[in-house]
Amino acid sequence: MSAATARRSDLRYRLSLNLRSVFGRAYPRVIGANREPSWIFFEALLPLLGIAAYVFVYEAFRDRAIAGLTDPAQIEAIKATTDGLVASVVLGGTMVAFWLNVLWSMASQLYWEKEIGNLQLYMMAPMNRMALLGGMALGGMFMTSVRALSTLVAGILVFGVAYEVADPLTLVAVFFVTLIALYGMGMMFASLYLLWGREAWHLSALLEEPIFFSSGFYFPQAGLYQVGGWARAVAIAGTFIPATLGLDAMRQLVLGPTAFGGQLWILGVGQELALLAVFAVVFLILARYALAYLEMLAKREGKLTSRHQ
Amino acid sequence: MAYAVETRDLTRIFSGKKRQRKRRKAEDGGTGPVTALDRANLQIQEGELFGLLGPNGAGKTTLIKILATLLLPTSGQALVAGHDVAKDVFPIRQRINMVSGGETSGYGLLTARENIWMFSQFYGVPSKVSKARIDELMHTFGLWEKRDARVRMLSSGQRQKMNMIRGFVTDPDILFLDEPTLGLDVNASRVIRDYVKNWVKGRRGKTVLLTTHYMMEADEMCDRIAIIDRGRILACDTPTNLKRTIRLDTTFRLEVDTLRDATSFSSIRGVKNFSSRDDIATNRTHLTFILEDEAPVAEILSRIMGQGAWVHSLQKSEPTLEDVFISMVGRGLE
């Protein structure tokens, strides 16, 4: 080609290119968080119904447990445990938004992008593929945080939950490291969709509910370890989903480590934060290599574009 | 000399999944994998508006996808801006862009302007530059009024104009246009064709590879054309030279009542090739004959009337690119 068409490829240019790409891909999600007001009903208020179901179950158990009891100390202890469970459910129900976003808007996003014809345009562009996934993740985190926060506030108001945050900095650190690990896992899954397409779509549907259970979104997950047998196996498997350790650490930080008699926590907050950091790094590295490998396979097999395109 | 695009014995075979291979074998009598491109050799020079003309399934889109680094060749080599599409994609991706007809890309929630801006970011175009280019191109393509309309509210023609702007906003050196006017009305097609022609001719170092099965579009726009069918490049030259290859032949077009059997004409002496197309709406058959001279016309008319069909029109015409195609492969582009 002629000299007039020479293009830059230095490090500074590449950095600028990839930062612009991250921002560009995050933009639709950030905008999407505000442009359709219907999300307030569907994604902030509707999840309250799921939370409410667990709250009512726990309150029914509480009423049954204290019926006939006369010892005020015993009654108070049961009430405190129930309050702790309700607070756990509201927090878990809030974090469900992130898991659903990772599953349906991160992992399966490349499948959607292929169907609407965006994927080939992304793959043809000079940006790094991690910039594409990074943009999707950052946009998803922002959009989901807005929705999760709305659910949390509504939950606190409706169910009268009180949180006591003694160490806000650690809480923020746990929250962000959990998100990075969770979205790192979503980025890794996203690459698999390049190759598996519709099959992986079914996998997402299959994973949704079991992960709610094994990660303990609606109860302290360490309770499963105490059941033993199959429940312990489910609990161990669930621990590899970053939301599990993240939720456990956040619950300890907002309810206090002595809640539930200190018996329902998986590990200490520091250990959980360290493990989450390891998860974040491992998932991001795996995502990087899986995406490069699977993109090459998809190019070989002609799966980057839909048949009709 | 380095070409903008060069392919050397480029071959792409789609083997498909095992179950698809089995089904295909059962359906077409055991032809096995599909060869979408078969040792294709092309050289496109910088500054050229090059056309690929062929029917659906000829291998045009496969070739463009390989050149756009979306698909790997099975064998052979493809070079874009002097770089191998299988080994050195970054410098290629910096220089190219692609627009396909009937594309539904983008996000319905975003406005047309935001959508184009988003795609420009993946090429590192500074926002200020990108927005200025978008505004200019929106005026040129007549989309300014719709700049703030959400993409899902745009008509298919407006959407295609938006896609075209997406293709130009990154200021590529090589632009791949895959049936860019597919399904568009006359005016929208005209705007796109005029802009593409001016873009290539008015700027130094710009190259367009256009695939189409509209012969008029190829004839009107392209400096050179490659005729492709079943993955093979059958001919490559300027439109004038391609038509000259059959200038010694005589082309007749007939419109007749729908024929029961339109296959028997090939046995008539002097018929070099012919194509037939049934029009269900009018209940008529359109025939195009490439003849050595006018002698076989009487026999052709006799066979048509022998089937009880009326001849509604008969016309001797100058050869078109479609006639070139018919003379080469024995059927039309549709």
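At what angle do H8(A) and H13(A) pack, and how far apart are their axes? I looked that up before anything else. Helix H8 (residues 168–196) of chain A packs on H13(A) at about 20 degrees, and the axes are 7 Å apart. Axes here are lines fitted to C-alpha atoms, for helices over the stretch in contact, with angles from 0 to 180 degrees between N-to-C directions. H8(A) and H13(A) are therefore roughly parallel; the cut-offs are under 35 degrees for roughly parallel, over 145 for roughly antiparallel, 65 to 115 for roughly perpendicular, and oblique for the rest. Their crossing is left-handed, that is, the near helix is turned anticlockwise from the far one by less than a right angle, with clockwise giving right-handed. By class, I get 26 nonpolar, four polar and one charged residues in the contact of H8(A) with H13(A). Nonpolar means Ala, Val, Leu, Ile, Met, Phe, Trp, Tyr, Cys and Pro; charged means Asp, Glu, Lys and Arg; the others, Gly among them, are polar.

**What I am reading**

This is a predicted model, in which local features need pLDDT of at least 70 and side-chain atom pairs count only at pLDDT 80 or more, while totals for chains, interfaces and linings use all residues. Residues are numbered from 1 along each chain as its sequence is written, and chains are lettered from A and ligands numbered from 1 in the order in which they are written. I noted ipTM 0.87 and pTM 0.85 for the model. Chain B averages a pLDDT of 89, with 94% of its residues scoring at least 70; pLDDT is the predictor's confidence in each residue, from 0 to 100.

**Chain A**

I find 13 helices and zero strands in chain A. Helices (H or I, at least four residues) and strands (E, at least two) are DSSP runs, numbered from the N terminus. The C-alpha trace of chain A spans about 90 × 40 × 40 Å along its principal axes.

Next I checked H12 (residues 242–255) against H13 (residues 269–301) in chain A: the axes come within 9 Å and cross at roughly 150 degrees. That makes H12(A) roughly antiparallel to H13(A). This crossing of H12(A) and H13(A) is left-handed.

I then turned to H4 (residues 72–107) and H7 (residues 129–159) of chain A, which pack at about 155 degrees with axes 9 Å apart. So H4(A) is roughly antiparallel to H7(A). The crossing of H4(A) and H7(A) is right-handed. Eleven nonpolar, eight polar and one charged residues make up the contact of H4(A) with H7(A).

**Where A touches B**

How many residues of chain A are in contact with chain B? I get 36 residues of chain A against 35 residues of chain B, where contact means C-beta atoms, placed from the backbone, within 7 Å. H1(A) gives the largest share of the chain A side, twelve residues. By class, that side of chain A has 17 nonpolar, 13 polar and six charged residues.

**Chain B sheet**

In chain B I see an open sheet of four strands in the order E2-E1-E4-E5, with antiparallel pairing. E2 (34–44) and E5 (83–84) of chain B are the edge strands, each pairing on one side only. Strands E1 (residues 5–14) and E4 (residues 75–80) of chain B pair over five bridges; strands pair if DSSP finds at least two bridges between them. I also looked up B:Val5, whose bridge partner in E4(B) is B:Val80.

Note on methods:
Two residues are in contact if their C-beta atoms, placed from the backbone, lie within 7 Å.
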